[in-house]
There are 4 protein chains.
Amino acid sequence: MKKLQVAVLGATGMIGQRFVQLLEDHPYFEIGGLYASERSEGRSLGEVMKLKGVRFQEDTLTTKIENLDPKAVAKRCRLAFSGLPTEVAKDMESSLAEKGAAVFSNAASHRMGADVPLLIPEVNPDHLELARRQSTFGNGGFIVTNANCSTTGLAVPLQAIYKKFGLNACYVSTYQAVSGAGYPGVPSLDILGNVVPFIRNEEEKMEEEIHKMLGAYKNGRIELAEFDMVASCARVPVVDGHLESAVLKLGKDADAAAVIETLEAFRSEPQKLKLPTAPVRPIIVRKEENRPQPAADALAGDPERARGMAVSVGRVRESKGYIKFWLLSHNTLRGGAGGSVLNAELAVARKLL
Amino acid sequence: MKKLQVAVLGATGMIGQRFVQLLEDHPYFEIGGLYASERSEGRSLGEVMKLKGVRFQEDTLTTKIENLDPKAVAKRCRLAFSGLPTEVAKDMESSLAEKGAAVFSNAASHRMGADVPLLIPEVNPDHLELARRQSTFGNGGFIVTNANCSTTGLAVPLQAIYKKFGLNACYVSTYQAVSGAGYPGVPSLDILGNVVPFIRNEEEKMEEEIHKMLGAYKNGRIELAEFDMVASCARVPVVDGHLESAVLKLGKDADAAAVIETLEAFRSEPQKLKLPTAPVRPIIVRKEENRPQPAADALAGDPERARGMAVSVGRVRESKGYIKFWLLSHNTLRGGAGGSVLNAELAVARKLL
Amino acid sequence: MKKLQVAVLGATGMIGQRFVQLLEDHPYFEIGGLYASERSEGRSLGEVMKLKGVRFQEDTLTTKIENLDPKAVAKRCRLAFSGLPTEVAKDMESSLAEKGAAVFSNAASHRMGADVPLLIPEVNPDHLELARRQSTFGNGGFIVTNANCSTTGLAVPLQAIYKKFGLNACYVSTYQAVSGAGYPGVPSLDILGNVVPFIRNEEEKMEEEIHKMLGAYKNGRIELAEFDMVASCARVPVVDGHLESAVLKLGKDADAAAVIETLEAFRSEPQKLKLPTAPVRPIIVRKEENRPQPAADALAGDPERARGMAVSVGRVRESKGYIKFWLLSHNTLRGGAGGSVLNAELAVARKLL
Amino acid sequence: MKKLQVAVLGATGMIGQRFVQLLEDHPYFEIGGLYASERSEGRSLGEVMKLKGVRFQEDTLTTKIENLDPKAVAKRCRLAFSGLPTEVAKDMESSLAEKGAAVFSNAASHRMGADVPLLIPEVNPDHLELARRQSTFGNGGFIVTNANCSTTGLAVPLQAIYKKFGLNACYVSTYQAVSGAGYPGVPSLDILGNVVPFIRNEEEKMEEEIHKMLGAYKNGRIELAEFDMVASCARVPVVDGHLESAVLKLGKDADAAAVIETLEAFRSEPQKLKLPTAPVRPIIVRKEENRPQPAADALAGDPERARGMAVSVGRVRESKGYIKFWLLSHNTLRGGAGGSVLNAELAVARKLL
């Protein structure tokens with residue numbers, strides 16, 4: 001198979017650079033261009049590097065950033081991975097789709113669009129079909145989004161449980177890493193030795209997106225899942241890895257052992273298709289009394305290409321009719337660039353590309 | 001009024017040293033002795049100081065630690081403030097009460113005893129009457145406990161809401177400071193850039209103690225309050241100040257504005273009695289979009305003596321039939337030594353001392 | 001004495017807000033206006049508050065920020081305390097001096113000017129006389145600067161030692177707090193669990209300013225002090241308090257005991273004059289094996305008004321012909337706003353105001 | 001070549017577990033046993049794991065810890081890698097050498113012994129010959145030590161410079177990671193948002209060991225190198241990677257460019273021998289204005305097996321006759337277990353094993 005040329009949009013940012021990391025030597029894709037705003041035009045990726053301690057090949061680091069002109073991008077690249085800021089993403093991504101590019105986006109702008117898949121291949125692979133309903137699809141252009149980083153980590157185990165036991169309510173509190181706010185993002189004066197119990201629009205996104213993602217795809221539309229979803233979101237002094245405490249009221253009685261069994265047995269479409277970026281086990285259930293932890297588990301996932309793509313779940317326990325557990329996922333890999341790359345791999349497998 | 005001689009038990013630890021801080025120049029109490037295990041006997045407080053950046057008088061710092069012999073303590077001191085570790089506290093505190101000392105304890109050992117007040121003067125001042133039922137009371141000895149640090153911060157606003165609106169369920173997740181684990185406590189390798197979603201017995205304590213504290217005192221016993229209480233507890237890299245996200249299902253409909261009004265209007269016994277360590281406003285409702293925060297609000301409270309005694313509440317909001325808010329309290333002041341000192345002040349006001 | 005009206009320039013920044021904190025209830029000065037760029041005009045101080053956990057009076061918090069127009073400022077205020085960014089400070093401060101205002105500045109712009117005092121009242125009080133040589137002095141206008149924050153902490157003990165023992169060389173490495181970079185300043189992604197061994201222009205400032213400050217004022221000019229000064233500067237994940245390791249080659253033999261004695265005995269002009277913001281002991285020598293530390297010592301200094309104005313020195317020791325010690329000072333108090341306020345107090349005492 | 005059986009001593013500690021990490025699939029060595037004190041006997045490595053986020057093979061994690069009996073160890077294993085605490089190491093390592101085992105130790109106990117190599121293969125490979133002079137060598141037993149972690153990172157670039165330009169003085173200040181203190185090691189209450197300017201015996205070790213390591217091996221003994229070495233050591237809130245500021249007075253004039261050229265060109269014995277754990281470039285000179293940093297550079301080094309074995313140097317610059325630079329090395333890899341493994345590889349290449 002000849003590799004598809006892909007564009008990375010927003011290559012000066014954290015998510016954009018995670019895309020680059022994942023696309024080096026990818027079996028399906030080849031980086032066709034790194035794009036950002038005019039301000040960074042002509043600078044090399046190495047000069048604008050935001051990630052610390054991630055290794056890149058020398059010729060990746062010397063690649064020049066280009067000004068993001070949708071026409072030029074669509075001409076050169078079949079796909080575009082978008083790490084654009086929300087305010088820019090909306091029009092730019094639409095424009096690219098119109099020009100025939102398949103856009104896999106990490107931005108929030110199009111997520112709730114009726115014809116836009118809000119996709120996690122392990123959770124709702126059939127939602128990808130929505131893309132065929134987009135007006136630009138005939139020309140090869142369409143938009144697929146991944147969910148908000150904190151919603152993503154939750155959606156994987158929640159779907160496994162929801163399908164098996166049903167769900168009346170989910171109460172979740174987040175402990176979110178600073179890389180989720182991009183760079184420069186959170187000022188150190190705000191977070192050193194501190195916790196900030198507010199992330200703009202985050203609770204709203206979590207409470208809204210989950211119902212679409214766990215919804216059923218029927219007759220060309222999504223029937224929203226119905227359960228109480230209540231989110232409280234905070235920023236903690238951690239670099240990578242969103243931790244979340246979840247309390248569930250299940251649809252039918254189940255003890256912790258049954259929930260653990262269900263989570264451990266969970267495999268889905270990407271595992272069956274052996275997609276390159278799919279972890280063998282999408283959910284890893286930790287048995288230690290004090291896991292998952294960001295420092296230990298953010299990069300969970302095998303094979304090598306799927307580092308940071310597994311969701312770690314721990315401390316699954318019952319309390320007075322509720323099931324409680326903690327979960328952790330890497331916010332810029334599983335909950336960001338990695339999620340979009342996996343989405344694109346599914347699109348290849350499903351012949352949308 | 002002649003000042004009462006008080007003993008500080010566990011004076012080499014974090015809570016013990018907070019007691020010392022609060023008892024310097026206290027209007028009712030005078031430090032009669034600093035006690036710890038034999039190991040520290042003869043060392044000065046300054047040599048074993050664990051608190052950073054707290055000022056003490058020179059002669060406090062040079063006071064020698066004495067070996068904790070209950071007979072000697074009871075002979076010299078009318079009261080004992082206990083910051084003893086749980087495993088030591090049980091027998092030692094009982095022994096002191098038998099010898100006629102009034103013990104105000106921060107340890108968990110006696111909290112759930114049927115005749116032991118689990119007391120927060122703003123929350124359940126009438127529970128103090130339980131102390132009179134203790135077999136040792138006739139000789140002047142009794143035990144009064146304060147609650148677990150994370151339960152305390154929650155109990156104050158919860159009581160205000162519970163009384164006004166009733167309560168069906170409370171879902172709380174904690175973001176707890178490392179000082180709550182004492183010294184040396186949490187190893188830095190476990191918490192730098194990390195969150196640990198486990199604190200031994202903490203969730204159990206929260207889920208149990210709250211029902212006793214919000215219970216009604218009737219006919220010499222406590223009728224436990226009834227509502228679902230589900231706690232998830234984590235340690236974060238913060239020095240002082242426990243932050244908590246709370247989600248409530250109220251007993252009757254109320255919007256955020258009504259809850260805010262109730263919290264702001266809340267005053268209780270210590271405010272009426274103008275106890276020295278009581279904050280003028282036991283609950284401070286923050287209006288900013290991103291408060292309370294440990295770095296900003298841990299020491300909330302007026303007057304000077306009540307620094308760290310107010311509970312800060314913020315982001316009171318509704319979501320689909322639930323009330324959500326964040327709260328913060330100082331875990332070794334309001335949730336530790338300060339709580340016990342306030343308990344003792346109430347005991348003085350109520351003539352138990 | 002009627003209080004002098006003072007302006008605070010840059011009141012939306014960290015240093016500006018430290019000025020406000022120090023000027024509440026100041027015995028000589030009264031805040032006449034809070035100034036910043038047009039962008040913040042009309043907002044209250046509370047709305048733009050950057051400091052966490054510092055208490056302000058209610059009417060201070062509701063004071064509106066005004067647009068910084070030098071003419072209006074000079075008309076209303078006899079003095080201006082400047083926490084302006086360097087690029088703005090240069091012209092603005094000159095303009096204010098021309099209009100008759102005495103400017104006490106924390107900015108670097110004018111520090112090395114031949115007629116501008118680079119002043120620490122404990123170190124070089126006679127340098128204040130330089131101000132009389134400024135062309136605007138006749139109209140009441142002049143500029144006095146305080147040193148770079150990391151230079152200030154060093155200059156105090158260095159001067160004590162230099163005067164007594166002479167000095168051939170000083171090798172210093174800094175461990176600087178993030179508040180020194182202002183707000184938003186250092187991104188959390190750069191400093192969480194990390195150290196950044198670079199602060200723009202910091203080493204150059206330290207190596208240059210110290211020779212002026214320790215220089216002798218003779219015949220209307222400064223004769224620079226002569227010794228090797230080599231600085232290496234790094235940012236550490238600490239909020240407040242610059243720690244520095246110093247290695248000295250003295251001009252004559254002295255053991256650690258002699259150096260300690262000299263440092264402890266050091267008193268200077270502000271102590272003799274009992275200036276309100278002067279610490280009783282400008283240098284506090286710690287005897288513990290592991291002090292000073294930012295968390296414990298940043299706010300050293302008595303009386304209350306001088307909190308954060310004492311320089312803490314510790315681990316004074318000899319090694320093969322060198323004297324080594326560690327020092328710590330509060331970078332936005334002693335090394336920032338507090339330094340300027342003390343400078344102004346000296347100017348009052350010396351009748352320049 | 002048949003793999004040599006090796007013992008890991010102190011397998012419950014940070015260094016011991018780094019040994020295990022490096023010995024999985026090692027081309028020369030095979031783990032013959034994991035040893036620690038009786039207390040941990042029978043527990044699996046997984047149960048006592050201290051490292052976070054390091055991957056181990058499943059059968060490594062289930063290996064049981066054995067009680068450290070020197071006779072049994074020497075019988076089964078040709079070599080022993082020692083991560084023992086200093087107080088235990090002295091006698092135990094001597095005992096093992098007497099019983100015919102080659103001991104490669106990270107402990108300080110034997111470092112300064114006249115016949116004990118204090119070895120960094122890039123710095124002083126010929127010192128290994130000292131081992132042949134040990135009384136136990138005839139039976140196959142001997143002791144080789146690696147240096148203190150902070151000395152190691154310095155010794156590599158210092159040797160390159162010393163050989164080329166000579167050296168009159170070296171002034172170094174350290175910014176040391178908490179993993180250097182082992183587990184539980186530094187309490188979080190001491191280091192969160194803080195710096196501790198004291199590490200017991202660390203400055204003494206640095207000032208002593210460097211002269212032995214850079215000394216010349218002649219006629220069976222080491223002639224100590226002669227230059228002023230002055231160290232100031234501090235602990236910072238970083239998990240892995242010791243950063244150091246170095247100021248050098250060279251023996252002859254050289255500008256920064258010449259020093260950079262020398263550092264970049266530096267290759268030594270392990271590179272020539274292509275030892276498995278040797279980095280291709282032992283010194284990596286960073287050209288960015290703000291590197292090296294622990295978060296970015298602690299794991300520098302190629303090939304894969306040499307991750308964490310390169311020393312990163314940056315900001316090489318001149319200042320008034322001095323050369324200044326910053327260096328960073330991984331304290332438990334290059335400065336700990338990795339150093340000892342490389343020592344053992346050199347011993348194999350030199351036929352001591």
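Chain A of this predicted model has a mean pLDDT of 97, and 100% of its residues reach 70 or more; pLDDT is the predictor's confidence in each residue, from 0 to 100. For the complex, the predictor gives an ipTM of 0.97 and a pTM of 0.97. Residues are numbered from 1 along each chain as its sequence is written, while chains are lettered from A and ligands numbered from 1 in the order in which they are written. Because the model is predicted, local features need pLDDT of at least 70 and side-chain atom pairs count only at pLDDT 80 or more, whereas totals for chains, interfaces and linings use all residues.

Let's start with a sheet in chain C. Its 6 strands form an open sheet in the order β3-β2-β1-β4-β5-β6, with parallel pairing. Here strands (E, at least two residues) and helices (H or I, at least four residues) are DSSP runs, numbered from the N terminus, and two strands pair if DSSP finds at least two bridges between them. At the edges stand β3 (65–67) and β6 (142–145) of chain C, each with a single partner strand, so one side of each has no neighbour in the sheet. From one strand to the next, the twist averages 30°. Axes are lines fitted to C-alpha atoms, for helices over the stretch in contact, and angles run from 0 to 180 degrees between N-to-C directions.

For a look at one pairing, take strands β4 (residues 79–82) and β5 (residues 102–105) of chain C, which pair in the parallel sense over 4 bridges. Phe81(C) has Phe104(C) in β5(C) as its bridge partner. Helix α1 (residues 14–23) of chain C lies across β1 (4–9), β2 (29–36) and β4 of chain C, running at about 155° to β1(C). Helix α4 (residues 86–98) of chain C lies across β4, β5 and β6 of chain C, at about 150° to β5(C).

Now turn to chain B and its own helix α1 (residues 14–23). Of its 10 residues, 9 are buried, so this helix is largely enclosed by the rest of the structure. A residue is buried if 20 or more other C-beta atoms, placed from the backbone, lie within 10 Å of its own, exposed if 12 or fewer, and partly exposed in between. Among the buried residues of α1(B) are Met14(B), Arg18(B) and Phe19(B). The buried residues of α1(B) pack against β1 (4–9), β2 (29–36), α2 (58–61), β4 (79–82) and α11 (333–349) of chain B. After α1(B) comes Asp25(B), with a positive phi near 60°.

Helix α4 (residues 86–98) of chain B holds Glu93(B). Glu93(B) is buried, with 26 other C-beta atoms within 10 Å. Not counting residues up to four places away in sequence, Glu93(B) touches residues including Ser82(B), Val103(B) and His110(B), a contact being two C-beta atoms, placed from the backbone, within 7 Å.

Finally, see how the chains meet. In all, 32 residues of chain B are in contact with 32 residues of chain A. The largest share of chain B's side, 4 residues, comes from β10(B). That side divides into 18 nonpolar, 8 polar and 6 charged residues; Ala, Val, Leu, Ile, Met, Phe, Trp, Tyr, Cys and Pro count as nonpolar, Asp, Glu, Lys and Arg as charged, and the others, Gly among them, as polar. Between chains C and B, the contact takes 7 residues from chain C and 8 residues from chain B.
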